[in-house]
Amino acid sequence: MIHHVLLACPRGSEDLSRSFYTGLLGLTEKPKPPALAARGGCWFTGYGAELHLGVEDDFRPARKAHPALVRPDLDELAARLDAAGHPVTWGDEEIPGMRRFHTHDPHGNRLEFLAPAG
């Protein structure tokens with residue numbers, strides 16, 4: 001079982017991260033332990049997943065590597081992201097029995113969202 005997935009973000013981008021991950025994705029921010037909070041970044045949880053955004057001074061977005069998150073509201077989420085300026089690219093039938101799309105967070109990190117077909 002995976003405890004969490006870490007994505008990098010630029011220093012000082014926590015408010016932008018919160019707006020995207022809580023506002024658009026509907027995740028809940030999870031308080032960081034005090035010893036780790038001083039490093040910056042933020043943690044989010046919801047839909048059976050936990051994502052940590054960690055500050056990286058020499059930040060470069062993950063363009064290929066990405067978390068794939070199962071969402072029951074796939075079409076609604078895609079429409080909400082697209083309307084907010086985060087275009088989605090629907091995947092093909094490469095994963096049998098699954099519908100999926102990719103988008104990017106405000107830092108340029110690639111994200112995949114999927115749900116069982118039918």
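1. Let's start with a word we'll need: a residue is buried when its relative accessible area is under 20%, exposed when over 50%, and partly exposed in between, using a 1.4 Å probe and protein chains only. Strands here are DSSP runs of E with at least two residues, helices are runs of H or I with at least four, and both are numbered from the N terminus. With that in hand, look at β4: five of its seven residues are buried, and the strand is mostly covered.

2. A word on what you're looking at. This is a predicted model, where local features need pLDDT of at least 70 and side-chain atom pairs count only at pLDDT 80 or more, while totals for chains, interfaces and linings use all residues. Residues are numbered from 1 along each chain as its sequence is written, and side-chain values use heavy atoms, with hydrogens and water left out.

3. On the record side, the unreviewed UniProt entry lists "domain: VOC" for residues 1-116. UniProt positions are in the numbering used here, feature names are shortened, and annotations may be inferred rather than shown by experiment. In the model, 22% of that span is helix and 34% is strand, and its end C-alpha atoms sit 20 Å apart.

4. Now the sheet with β4 in it. Strands of a sheet pair through backbone hydrogen bonds, either parallel or antiparallel. Two strands count as paired if DSSP finds at least two bridges between them. Here four strands make an open sheet with mixed pairing, in the order β1-β4-β3-β2. At the edges are β1 (5-9) and β2 (28-30), each pairing on one side only. From one strand to the next, the twist averages 30°.

5. Which way do β4's partners run? β1 is parallel to β4, joined by five bridges, and Val 5 faces Leu 51 there. β3 (residues 42-46) is antiparallel to β4 (residues 49-55), also through five bridges.

6. Have a look at Tyr 47, in the loop between β3 and β4. The hairpin of these strands has two residues between them. Tyr 47 has a positive phi of about 55°, although it is not a glycine. It counts as partly exposed because its relative accessibility is 42%.

7. Helix α1 (residues 14-24) lies across β1, β2, β3 and β4, and runs at about 5° to β3. Contact means heavy atoms within 4.5 Å. The angle is between N-to-C directions on a 0 to 180 degrees scale, with axes fitted to C-alpha atoms, for helices over the stretch in contact.

8. Next, strand β7 (residues 98-104). Five of its seven residues are buried, so β7 is largely enclosed by the rest of the structure. Strand β6 (residues 89-90) pairs with β7 in the antiparallel sense over two bridges, and Trp 90 has Phe 101 as its bridge partner.

9. What joins β7 to β8 (residues 110-116)? Seven bridges do, and the two strands run antiparallel. Thr 103 is opposite Leu 111 in this pairing. β7 and β8 form a hairpin with five residues between them, and Gly 108 in the turn has a positive phi of about 95°.
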